[in-house]
Amino acid sequence: MAAPYRSTPVFDETSLPQALRNMHQTKAGVWGVIRVLEGELRLTYVDPPSEKLLTPGNPGLTTPQQTHFVTPLGPMRMQVDFYDEPPTL
């Protein structure tokens with residue numbers, strides 16, 4: 001099973017960086033797993049357009065170079081784990 005090579009700090013609805021709230025993408029060869037520890041977060045994929053509700057039992061996956069952004073839905077805590085191979089959710 002793949003292990004993350006890096007993780008972000010834990011962010012809440014006030015400390016979540018603007019860079020994650022705006023459109024951005026993972027680098028080539030990098031998968032991201034967005035893990036919600038408390039509350040809810042909306043993950044929006046830009047191309048193809050779709051949305052996913054993330055909760056503590058429902059993480060979100062971003063694939064290499066996939067454009068996306070996140071929106072907190074009230075109080076929440078979340079963290080992103082980065083992998084250099086496809087992770088198992």
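Pro48 lies in the loop between strand 5 and strand 6, where strands are DSSP runs of E of at least two residues, numbered from the N terminus. The peptide bond that leads from Asp47 to Pro48 is cis, with omega near 0°. The structure is a predicted model, in which local features need pLDDT of at least 70 and side-chain atom pairs count only at pLDDT 80 or more, whereas totals for chains, interfaces and linings use all residues. Residues are numbered from 1 along each chain as its sequence is written, and side-chain values use heavy atoms, with hydrogens and water left out.

Strand 5 (residues 41-45) and strand 6 (residues 50-54) pair in the antiparallel sense over five bridges, two strands being taken as paired if DSSP finds at least two bridges between them. Within this pairing, Leu53 of strand 6 is the bridge partner of Arg42. Strand 5 also pairs with strand 8 in the antiparallel sense, again over five bridges; here Leu41 stands opposite Pro72, and Tyr45 has His68 as its bridge partner. Four of the five residues of strand 5 are buried, where buried means under 20% relative accessible area, exposed over 50% and partly exposed in between, for a 1.4 Å probe and protein chains only.

These pairings belong to an open sheet of four strands with the order 3-8-5-6 and antiparallel pairing. Strand 3 and strand 6 are its edge strands, each of which pairs on one side only.

Two further loop positions were examined. Gln65, in the loop between strand 7 (60-62) and strand 8, has a positive phi of about 60° although it is not a glycine, and its relative accessibility of 49% places Gln65 in the partly exposed class. Gly29, in the loop between strand 3 and strand 4, is likewise partly exposed, with a relative accessible area of 37%. When residues up to four places away in sequence are not counted, Gly29 touches Pro64, Tyr83 and Asp84, contact meaning heavy atoms within 4.5 Å. Gly29 and Glu85 are 56 residues apart in sequence, yet their C-alpha atoms are 7.3 Å apart in space.

The largest pocket has a volume of about 280 Å³. A pocket is an open set of points on a 1 Å grid over the protein atoms alone where a 1.4 Å probe fits, with protein on both sides within 12 Å along at least five of seven lines, and lining residues have an atom within 4 Å of a point; grid points are joined across faces, edges and corners, and the volume is the space filled by probe spheres set on the points. The lining comprises 17 residues, of which Arg6, His24, Gln25, Thr26 and Phe82 lie nearest the centre of the pocket. At least two lining residues come from each of strand 3 (24-25), strand 4 (31-38), strand 8 (67-72) and strand 9 (77-83), and strand 9 gives the most, with three residues. By class, the lining has eight nonpolar, seven polar and two charged residues, with Ala, Val, Leu, Ile, Met, Phe, Trp, Tyr, Cys and Pro counted as nonpolar, Asp, Glu, Lys and Arg as charged, and the others, Gly among them, as polar.
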